[in-house]
Amino acid sequence: MIAIPRISLRAFAVWRRNFLVWKKLAIPSLLGNLADPMIYLFGLGYGLGGLLPQIDGVSYIAFLAAGTVCASTMNAASFEALYSAFSRMHVQRTWEAIMNAPVTLEDVMAGELLWAAAKATLSGTAILVVIAVLGLVASPLALWALPVIFLTGLAFAALGLIVTALAPSYDFFMYYFTLFITPMVLLCGVFFPANQLPPLVQAVAAWLPLTHAVALVRPLLFGEIPAGIAGHIAALLAVAATAFWIALTLIRRRLLK
Amino acid sequence: MSPLRVAALRKSYDGREVVAGLNFELQRGECYGLLGPNGAGKTTTLRCCLGLTAPDSGEITLVGEPVPARAREARMKIGVVPQFDNLDPDFTAAENLIVYGRYFGMKDAAIRPKIGELLEFAGLAGKEDANIRTLSGGMKRRLTLARALVNDPELLLLDEPTTGLDPQARHLIWERLKRLQAQGKTILLTTHFMDEAERLCQRLAIIDDGKMVAEGAPRALIHQQIEPQVVEVYGEDAPGWAAREAQAYSRRVEVSGETAFCYVEDAAPLLAHLAAWPALRTLHRPANLEDVFLKLTGRELRD
């Protein structure tokens with residue numbers, strides 16, 4: 001059965017609920033989100049980067065910085081849409097409580113999607129700020145990375161909600177990270193240019209959402225206008241919209257039967 | 001206008017009919033009980049009434065709105081106390097109320113002035129800043145009741161509101177529900193505690209296998225459905241005694257383990273007979289709602 005999504009402004013009340021929880025632990029949460037990518041960035045960027053020639057005309061650490069922004073955004077959105085959303089749906093039964101009020105499941109899902117995207121934006125932006133301070137950003141054109149970060153957050157939040165809709169328990173999420181998120185980090189040009197890979201792998205990687213995020217963010221940080229902007233944005237939008245629709249259908253089947 | 005009207009409601013899961021043609025109608029200001037063993041269809045019925053599950057057929061009108069078509073609008077005027085606690089563990093008691101009020105589109109400025117009053121009603125005065133994790137089971141239940149009142153609902157739906165509570169906590173909940181009724185609120189309650197139903201409900205329905213098997217006021221149901229007196233006979237010999245002797249003195253006999261339940265119009269002849277059986281212990285009491293329930297739904301376990 002295909003029902004028309006009934007999304008209303010009540011989705012914002014769901015968003016605010018999550019924001020209020022986050023606010024209580026904002027500083028540790030932000031530092032936690034920063035620590036892991038920074039360790040990779042400095043460790044690999046200076047350690048490994050010292051052994052490497054320039055890549056695409058920039059230092060390795062500058063190359064890696066752009067990839068790190070995208071990968072962290074992806075991770076933050078995924079964690080929120082998987083572990084945190086699953087806690088609220090299944091363990092705490094928070095969604096159930098919300099749906100006893102005049103809020104639909106579609107509102108709840110829209111609130112969760114926007115919240116996970118917002119949190120991912122915060123995470124990506126924090127890293128952007130740090131690398132800008134380090135002088136790894138070429139020009140104010142980098143500010144255009146912000147909407148791309150948000151869009152990347154939306155796409156991965158929507159994908160994550162599909163997995164949450166199917167998950168019997170937290171253990172299930174390991175499959176998603178091992179089979180989808182980790183390969184994406186290696187195939188989509190975060191650590192090295194994707195054209196180093198065999199053509200067949202490159203062809204697969206071209207379909208992965210992180211590839212499109214990296215293709216937009218990296219030139220922007222280098223002070224260039226990305227090639228094929230419309231195609232990359234359309235790809236991320238399509239992933240976000242399709243994944244959200246699938247997640248809604250699955251969650252409806254799970255909770256409203 | 002009835003706060004809730006349910007007509008010919010049906011709902012199946014995987015070919016099994018969980019609700020099989022249910023009809024009932026609440027009157028404004030009453031407390032109406034849905035009684036039934038586990039799996040009788042009580043919770044499914046409530047979910048259908050809230051628009052959280054689409055019925056296979058039937059009509060539901062909740063506070064004047066057709067459900068599920070306009071369930072969201074209907075839920076504006078409903079308060080729900082679910083079977084399992086789902087308070088927000090990350091928030092204080094006051095934050096739970098504020099955040100919940102926002103789901104009704106209420107402004108914080110409209111909710112804040114009500115918090116003290118709501119907590120006081122729930123017996124939680126001064127607990128504004130209490131962490132949910134520090135509250136006892138009874139306190140959580142009462143806070144859930146307070147949360148259900150944040151939108152000043154016309155109708156309260158309570159799904160087994162006292163399951164898992166100690167007697168003190170149950171009595172406090174009962175007293176608060178009576179107060180709400182005195183304020184003019186209508187209450188729909190599911191329970192499998194007969195004393196709770198007998199105490200609180202003006203009318204109740206006993207449902208089993210998704211069908212209504214009896215409906216009426218508790219006293220009237222006892223009067224209509226069952227003999228007025230019960231003699232319970234205990235002891236090792238009770239089943240054997242019941243098989244040989246009980247029928248002659250009772251209108252109906254049920255044996256469960258080592259207890260025989262003898263349902264009688266007049267207990268005197270049976271009690272006189274039992275005086276000759278000193279090994280058997282007896283308890284003579286008036287019939288109650290539990291007797292009606294067990295007669296109508298049977299004594300087998302429902303899991």
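A: We begin with a definition: helices (H or I, at least four residues) and strands (E, at least two) are DSSP runs, numbered from the N terminus. This is a predicted model, in which local features need pLDDT of at least 70, side-chain atom pairs count only at pLDDT 80 or more, and totals for chains, interfaces and linings use all residues. Residues are numbered from 1 along each chain as its sequence is written, chains are lettered from A and ligands numbered from 1 in the order in which they are written, and side-chain values use heavy atoms, with hydrogens and water left out.

Q: Which elements does chain A have, from the N terminus on?

A: The order is α-α-α-α-α-α-α-α-α-α, that is, 10 helices and 0 strands. The radius of gyration is taken over C-alpha atoms, and the globule rule is 2.2 Å times the number of residues to the power 0.38. For the 257 residues of chain A the rule gives 18 Å and the model has 19 Å, so chain A is as compact as a globular protein of that length. Its C-alpha trace spans about 60 × 40 × 35 Å along the principal axes.

Q: How many residues does the largest nonpolar core have?

A: A nonpolar core is a set of buried Ala, Val, Leu, Ile, Met, Phe, Trp, Tyr and Cys residues joined through side-chain atoms within 4.5 Å. Buried means under 20% relative accessible area, exposed over 50%, and partly exposed in between (1.4 Å probe, protein chains only). The largest core here has 176 residues, and those with the most contacts inside it are Leu210(A), Leu4(B) and Leu143(B). Helix H3 (residues 60-91) of chain A supplies the largest share of this core, 18 residues.

Q: Which residues is Leu210(A) in contact with, leaving aside its neighbours within four places in sequence?

A: Contact means heavy atoms within 4.5 Å. The partners of Leu210(A) are Cys70(A), Ala71(A), Met74(A), Phe156(A), Met184(A), Val185(A), Cys188(A) and Val190(A).

Q: What does the domain assignment of chain B give?

A: Domain bounds come from an automatic or database domain assignment. For chain B they are domain 1 (4-217) and domain 2 (227-286), with C-alpha centres 40 Å apart.

Q: How do strand S1 and strand S2 of chain B run?

A: Two strands pair if DSSP finds at least two bridges between them. Strands S1 (residues 4-13) and S2 (residues 16-25) of chain B run antiparallel, joined by 7 bridges. Ser12(B) has Glu17(B) in S2(B) as its bridge partner. This hairpin has 2 residues between the strands, and Asp14(B) takes a positive phi near 50 degrees.
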